[in-house]
Amino acid sequence: MVIEQAPLEDELGDVLEKALCQAGLTPEAASARACVPAERLRDAIDYRYEELAPAELDRLAAVLDLRAPGLRALAAGRYPLP
């Protein structure tokens, strides 16, 4: 049986929340550094989000020391199978 898309344990909100904790940043501090509205970042963390723009995800990835292509893929639900 071939699985077209394996379920992930962590979704975008989980990854962002963990990265914020690891970086020692609040959502407000990270959003200011990434030039992303704090409300959009908090919504993403709480799974109440419209899709963040790729440029916003790239800036968040840079601030949170994440890989931008992986973060964009996760946000779009297009991550590679293991």
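User: Which residue does Glu 56 form a salt bridge with?
Analyst: Glu 56 pairs with Arg 40, and the closest N and O atoms are 2.7 Å apart; a salt bridge here is a side-chain nitrogen of Lys or Arg within 4 Å of a carboxyl oxygen of Asp or Glu. The pair links distant parts of the chain, with Glu 56 in helix α4 and Arg 40 in helix α3, 16 residues apart. Helices are DSSP runs (H or I, at least four residues), as strands are (E, at least two), numbered from the N terminus. This is a predicted model, in which local features need pLDDT of at least 70 and side-chain atom pairs count only at pLDDT 80 or more, while totals for chains, interfaces and linings use all residues. Residues are numbered from 1 along each chain as its sequence is written, and side-chain values use heavy atoms, with hydrogens and water left out.

User: And is Glu 56 buried or exposed?
Analyst: Glu 56 is buried, with a relative accessible area of 11%, whereas Arg 40 is partly exposed at 21%. Buried means under 20% relative accessible area, exposed over 50%, and partly exposed in between (1.4 Å probe, protein chains only).

User: How many salt bridges are there by this rule?
Analyst: The count comes to 5. Among them, Arg 42 and Glu 28 meet at 2.6 Å, N to O. That pair joins helix α3, which holds Arg 42, to helix α2, which holds Glu 28, across 14 residues. Both Arg 42, at 28%, and Glu 28, at 39%, are partly exposed.

User: Back to α3, which of its residues are buried?
Analyst: In helix α3 (residues 38-45), the buried residues are Ala 38, Leu 41, Asp 43, Ala 44 and Ile 45. The buried residues of α3 pack against α1 (12-23), α2 (27-34) and α4 (54-64). After α3 comes Tyr 47, whose phi is positive, near 60°.

User: What does Ser 31 contact, leaving aside its neighbours within four places in sequence?
Analyst: Ser 31, which is found in helix α2, is in contact (heavy atoms within 4.5 Å) with Val 36, Pro 37, Ala 38 and Leu 41. Ser 31 is buried, with a relative accessible area of 4%, and its side chain reaches the backbone oxygen of Glu 28 at 2.9 Å.

User: New topic: how many disulfides?
Analyst: A search of the whole structure finds 0 disulfides, a disulfide being a pair of cysteine sulfur atoms within 2.5 Å. Cys 21, at 64%, and Cys 35, at 57%, are exposed.

How values were computed: A polar contact is a pair of N or O atoms within 3.5 Å; within protein, one must be able to donate a hydrogen and the other to accept it, and residues adjacent in sequence count only if both atoms are side-chain atoms.
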